[in-house]
Amino acid sequence: MDPQLYNYWLVILLMMTGLYALIARGNLIRKIIGLNIFQVSVFILYISAGFIREGAAPILSPNVDVYSNPLPHVLILTAIVVSVATTALGLALVIRIKAAFGSIDDDTLSYSSGDSATELSIKTQKSSQ
Amino acid sequence: MSDDIILRIVGKFLIPLVVVFALYVQFHGEYGPGGGFQAGVILGAALILYRLLFGDAAARKAVSPRWLRLQAAVGVLLYGGTGVAGILLQGQFLEYNVLLTDPINGQHLGIILIELGVLLTVSATITALAYTFSADTEEHLSDPQVDPSSQSDQLRS
Amino acid sequence: MIAQHAQILVVILPLLCAPLVLLLGKSRIAVWFTVGVLSVNALLTWWLLLQVLTIGTLRYSLGNWPAPWGIEYRLDPLGALLQVMIASIAAVMAPFLRKLLAEEIGSSRQYAALVAFILLTAGLLGIVATGDAFNVFVFLEISSLSTYALIAIADKRDALLASFRYLIVGTIGATFFLIGIGLVYILTGTLNMDDLAVRLPEVSHTNTTQIALIFVTIGIAIKAAIWPLHAWLIPCYSYAPRGIVAFLAALSTKVALYALARFLFGVFPLADMPIGSVLLEILQLLAIAAMLIGSAAAIAHSNVRAVLAYSSVAQIGYITLGLALATSAGVTAAIIHMFNHAFIKGSLFMCIAILATGSGKHALESLKGLGHRMPIVGIALLIGGFSLVGVPLTSGFISKWFLITALVQAEKWIWIVAVLLSSVMSIIYVWKIVEAVFDKSDDKQVRSYDLSVDIPIVLLAAVSLYIGINSSALVSTAEQASKWLLGMP
C-alpha cells in the first residue's frame, strides 16, 4: 500500500479512540479528553489532505515550483482555536459541576429538580450518551 | 507558589527569552511560519510560567485580570477595526490594499495590524483561562473529598 | 457606502459590539449601546431583504479577493428572510434581557450574559450570511459556544449539567460537519458553496461524496435537534435561564435547519447521488417520528417548559418534513413554518418566562390562574398556543395549510394523516397549558410586575396574528426563496 496513506489509517484509529473515550467513559474530564482526541483526528485528516508529493513548505522562494497546500493548515489553525475554546468552556463547566454535585462521574449525575416531568428527559439523555 | 530557588532563578532567565521568542514568532509570521495565534500562546505561556513560579498574587499584580479583559477586547477591536478601515477607505471589508497609497505597503500594514490584534487577544485569553482555572483549583483543593477531581486538578495545572 | 457593505456590516456590527460591551462593563450605557447596534442591524437586514427580492442574490468578497479563492458572503432570498427574523427578534429582546434575567443571574454576570447574547446573534447571522462552507463551521461554533455559556450562566446545578451534555453532543455534531466539508474539500479543492455545487456533480457517484453528505447531514441534524438527535434540547430548554430559552427556542434550531437546506439543495447534487433519495426518505420518516413522538411526550409532561421543548421537537419535524419532500411546495412550507415557528415559540417561552417570574416554578400547577392576573401575557399565550395548533387566522394555520398542500401534491397520503394526528395531539398539550393558566379556582395574590416586559411579547404575538391574517408577503418571499434554493428559474 502507498505509505503516504498511512496518515488516514491514523486518522481512523484516533477518531475511533476519541469516540470510544467519549461514549464509554463516565468521567467528565475523560470525556473532554476523548473529545479532543476526536477533534485532533479531524485536524490530521485536513493536514494530510494538504500534503503534496515533493511539495516544499508554502513559503515563496525562487527555486521551488511545487508547494504543499497551505489552506488546510490555515483552516485547522482556526479549528484548533475553536477546539481550545470548547475545551476551556468544558473544563470550566466541569469545575462548576464538581462544586454543585460533588462528583464528576456522569453515571452519578442526574437532574435534581423535583419535577416528575424531567424524568423522561433524563432517560433519553442517558441513552444518548 | 513554588519556593524552589533554582526554579525561580531559571524562570527569571527563561521568561524574558520566551517573551522575545513570542515576538520573533509574531513578526516572522509575515514572511514565514508563525503569526499571532502561535505568538499569543507563547506569550501566554510566559505569563503562566511566571504565575506558577511566583504565585498568584504576584502575577495578578503584574498583569491584572481587568487588564487582560481590556487587552482581549482591544485585540478583537483592532482586528475588526482594520477590516472596517478598509471599508472607510473605499475598499472592501478586510481589504489591505487601500490602507496605504502603495498597495504592497498596505498589505504589510494590514497583516501586521491583524496579527497584532490576534496576539493581544490570544495571549490575554490564554492567561485569563489560567487565572480562572487556578483560582478555582485553590478553592477546591481545600475541599477534602476530592477523589475523582484530583486527577482533573493535575490536568488543569 | 453603507448600502454597498450592508451585507457584511450585518455580521461585523454585532461581532464588534461584543468587545465594546465587554469594555463598557456593568454601566447602563452598554445595554443601550447594544440596543442601538442591534436595531440598526435589524433595519439593515430589512433593507437587504428588499434588495434581494428586487435585484436577486447579493455577493460580497472579503478583502476584495474574488470567489472562489477568497471568502465570499452571499445573500439569497431565504438567507435574507432568516436574517430579518434573527436580527428583529434579537433587537426586540435585547432591551428587556436585563429585566428577564434579573431574577436568575446576579448583576455581576449580567454584562457577561449580554456579551454572550450579542455573540450568539452574530454567530447566527454569520451562518446565514456566508457563502463559504468552512465559515459556516466557524459561525456555528461561535453561536454554539455562546449558547453553552448562556445556558450555564446562572450557575444552577441542572443547567450546568444540561450545558455540559449539550457541549459534548454539540461538539460531536460540529466535528462531524467538519469531517464532511473536509471530505468535499479533498474531492474538489474548494470551500465556496456555489463553487462546490458546480464541481460536486463530477464526483457525485464516489463513495466519498456519499460519506461526506452523511457526515454533514448528521452533524447539522444534531444542531437542529432532528429526532432522534434531539435529546440535548429538552434539558437545555428546561433548565437554562428563562429569557435565554425564549431566544434559543426561537432561533438556534431554525438556523441549523437553514444550513441543512443550504447543504442539501445548494451544495450536494442530491438528484445525481445514489443515496440522495434514500436520505430524503429517511429524513421524512424521522420527521414523522419527531412529530408523533414529540407531541406524545409533550402531552405526557407536566412541566410547562418540557412541554414546549417537546413541542419544538415536533415542530422541527414539520419543517424537516417540508424540506425532505424536496419539492417546491414542500420547501416553501418549510420556510414559512421556520419563520412562523420562531415567532410562536419565542413568544410562548417569553410568556412562560414572565409567568414564572417570582415563583421560579414551571410545573403547570404553579402557573394556575396567572392568566387572569396578567391579561396581556395570557392573551399572547393564547395566540401562541392557537398558532401552535394551527387554528385559522393564526400563523400556524398558514404553515400547516401549505405543508398539507405540499403533501397532497406529493401524494403522501399517510403522512397527511400523521400531520393531522400530531395537530390533534398538539391541541391536547396546548389545552393543558391554557387550562392551567386560565384556571379560575385558584386565587393567588396578584403579583405586581414590570409591564414593560410585555412589549416584546406583544410584538412577537402581533407578528403571529398579522401573518395569520395577511400572509401574502411572507408566502411570496418563501416561494421565491424555495425556487432559488431548488435551483429553479
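Predicted model: local features only at pLDDT ≥ 70, side-chain atom pairs only at ≥ 80, totals over all residues.
The expected span of a helix is 1.5 Å times one less than its number of residues. α18(C) has 25 residues, and the distance from its first C-alpha to its last is 36 Å, close to the 36 Å expected. The rule can be applied again to helix α17 of chain C, residues 395-410. Its 16 residues should span 22 Å at 1.5 Å a residue, and its end C-alpha atoms are 23 Å apart, which agrees.

Both helices belong to chain C, which has 20 helices and 2 strands. Taken along the principal axes, the C-alpha atoms of chain C fill a box of roughly 70 × 55 × 40 Å. A compact globule with 489 residues would have a radius of gyration near 23 Å, and chain C agrees with this, having 21 Å. Buried residues make up 64% of the 489 residues in chain C. Of the contacts in chain C with a separation of 6 or more, 79% are between residues 24 or more positions apart.

Chain B can be described in the same terms. There are 5 helices and 0 strands in chain B, and from the N terminus on its elements run α-α-α-α-α. Of its 157 residues, 36% count as buried. Among contacts in chain B between residues at least 6 apart in sequence, 58% join residues at least 24 apart.

Return now to α18(C) and look at its surroundings. The buried residues of α18(C) include W415(C), V419(C), M425(C), Y429(C) and I433(C). These buried residues of α18(C) pack against α12, α13, α14, α15, α16 and α17 of chain C.

How do the axes of α16 and α18 of chain C cross? The axes of α16(C), residues 375-389, and α18(C), residues 413-437, come within 9 Å and cross at roughly 170°. Angles over 145 degrees count as roughly antiparallel, and α16(C) and α18(C) are therefore roughly antiparallel to each other. On the α16(C) side the contact is made by G378(C), L381(C), L382(C), G385(C), L388(C) and V389(C). On the α18(C) side the residues are S423(C), S426(C), I427(C), V430(C), I433(C), V434(C) and V437(C). The residues of this contact divide into 9 nonpolar, 4 polar and no charged.

α17(C) also has buried residues, among them I398(C), K400(C), F402(C) and L403(C). What covers the buried residues of α17(C) includes α13, α14, α16, α18 and α19 of chain C. Just after α17(C) comes E411(C), with a positive phi of about 60°, although E411(C) is not a glycine. E411(C) lies in the loop between α17 and α18 of chain C. Is E411(C) buried or exposed? E411(C) is exposed, because 8 other C-beta atoms lie within 10 Å.

N64(C) is another residue other than glycine with a positive phi, near 60°. N64(C) is found in the loop between β1 and β2 of chain C, residues 58-61 and 72-75. With 16 C-beta neighbours inside 10 Å, N64(C) counts as partly exposed. The peptide bond from W227(C) to P228(C) is cis, with omega near 5°.

For a residue inside a helix, take F343(C), found in helix α14 of chain C. F343(C) is buried, because 25 other C-beta atoms lie within 10 Å. Leaving aside neighbours within four places in sequence, F343(C) is in contact with S395(C), L460(C), V463(C) and S464(C). F343(C) and M425(C) are 82 residues apart in sequence and 21 Å apart in space, C-alpha to C-alpha.

The last stop is where chain A meets chain C. The contact takes 37 residues from chain A and 35 residues from chain C. On the side of chain A that touches chain C, α2, α3 and α4 of chain A each supply at least two residues. Which of the helices gives the largest share of that side? The largest share, 14 residues, comes from α3(A). The residues of the side of chain A that touches chain C divide into 22 nonpolar, 12 polar and 3 charged.

Methods: Residues numbered from 1 in each chain as written. Chains lettered and ligands numbered in written order. Axes fitted to C-alpha atoms, helices over the stretch in contact; angles between N-to-C directions. Helix = DSSP H or I, 4+ residues; strand = E, 2+ residues; numbered from the N terminus. Parallel < 35°, antiparallel > 145°, perpendicular 65-115°, else oblique. Contact = placed C-beta atoms within 7 Å. Nonpolar A, V, L, I, M, F, W, Y, C, P; charged D, E, K, R; others polar. Buried ≥ 20, exposed ≤ 12 C-beta atoms within 10 Å, placed from the backbone. Rg over C-alpha atoms; globule rule 2.2 N^0.38 Å.
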